[in-house]
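Subject: Structure handover

Hello,

Here is the structure for you to open. My notes on the side-chain contacts follow below it.

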Amino acid sequence: MTTSVPSPDTPASSPIPATAAVLVIGDEILSGRTKDQNIAVLAKFLRTHGLDLIEVRIIPDHTKTIKDTVNGLRARADLVICTGGIGPTHDDRTAASIAQAFSQPLIEHDEALAAMQAYYESRGQDLNEGRRKMATVPEGASLITNPLTIAPGFKIGNVIALAGVPSIMQAMLEGVIPYLPAGAPPRSITVRCDLPESVIAAALAQIDDHWPAVTIGSYPKDPAGDILQVDVVLTSREADSLAKACQEAEDKISALGGTPRVLES
């Protein structure tokens, strides 16, 4: 089956999506002692809310490194989400480092302190020095609620700091939603085919050139096994471009002798 190649569909009115970066902070991640479980969760969360994740960085608990990295990322992305380093110990330096990045003093937040005092008193525990440290944020920051352990995250400018423990970080995401830039999530369509990537590579490059508003990924399934299967995933915020690119993918796969099957992603 052959079709004429459609002209590129790039409406001048297409909105520019908001962008996000994720900064994972922690010596334990870099050393391999702890396996990161937050990046994939945040990537899905951001995509669901219409933000394009453009960069992920993993850095140590080093004040200058955190400060410089935060400043670099917040200049490039509409939103930066940091995880890790806001706990009670000496190596939890995220809050102080972000305060330096914004040239703000680190202060003890009255609301956070009161909430933590009540939390620990209800458990018959003291608000010791380490716990009290978790009530400090850069001056001018807004608190991000922590429904599990009360110790809050915070937002200052376009930077949000969350806990690094995965269960706590995920519980805090509900409090992040009001601070997200408005955006529409993209839609994806998968065209599954029974041809090797090497056979369809040139065709996918042509589709990529024809439809700049559509991103195309190719993902072989069980490449070392007996079943030959490649998922071509097309993603866009422009419904018309996505539909036409999908049709072109089907047609090109068929022309190459394959049997395409369209799946909603």
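Start at helix H9 (residues 239-255), where Lys244 and Asp240 are 4 residues apart, about one helical turn. Helices here are DSSP runs of H or I with at least four residues, strands are runs of E with at least two, and both are numbered from the N terminus. The side chains of Lys244 and Asp240 meet in a salt bridge, 3.0 Å from N to O. A salt bridge means a side-chain nitrogen of Lys or Arg within 4 Å of a carboxyl oxygen of Asp or Glu. Lys244 is partly exposed, at 37% relative accessible area. Asp240 is partly exposed too, at 41%. On that scale, buried is under 20% relative accessible area, exposed is over 50%, and partly exposed is in between (1.4 Å probe, protein chains only).

Some ground rules. This is a predicted model, in which local features need pLDDT of at least 70 and side-chain atom pairs count only at pLDDT 80 or more, while totals for chains, interfaces and linings use all residues. Residues are numbered from 1 along each chain as its sequence is written, and side-chain values use heavy atoms, with hydrogens and water left out.

Salt bridges

The whole structure has 9 salt bridges. One of them joins Arg132 to Glu108, with the closest N and O atoms 2.6 Å apart. Arg132 lies in helix H6 and Glu108 in strand E4 (residues 106-108), so this pair ties together parts that are 24 residues apart in sequence. Arg132 is partly exposed, at 35%. Glu108 is partly exposed, at 32%.

Another salt bridge links Glu55 and Arg57, at 3.2 Å between the closest N and O atoms. Glu55 is partly exposed, with 24% relative accessible area. Arg57 is partly exposed, with 30%.

Rings

There is 1 aromatic pair in the structure. The ring centres of Tyr119 and Tyr120 are 5.0 Å apart and their planes stand at 85°, so the pair is edge-to-face. To pair, rings of Phe, Tyr or Trp (its six-membered ring) need centres within 6.5 Å; planes under 30 degrees apart are stacked, over 60 edge-to-face, and the rest tilted. Tyr119 is buried, at 16%. Tyr120 is buried, at 8%.

Arg74 lies over the face of Phe102, 3.9 Å from the ring centre. The rule for a charge over a ring is NZ of Lys or CZ of Arg within 6 Å of the ring centre and within 35 degrees of the ring normal.

Helix H4

Helix H4 (residues 94-101) has 6 of its 8 residues buried, so it is largely enclosed by the rest of the structure. The buried ones are Thr94, Ala95, Ser97, Ile98, Ala99 and Ala101. Just after H4, Ser103 takes a positive phi of about 55°.

Arg123

Where is Arg123? Look in the loop between helix H5 (110-122) and helix H6 (129-133). Arg123 is partly exposed, at 46% relative accessibility. Arg123 and His49 are 74 residues apart along the chain, and their C-alpha atoms are separated by 36 Å.

Best wishes
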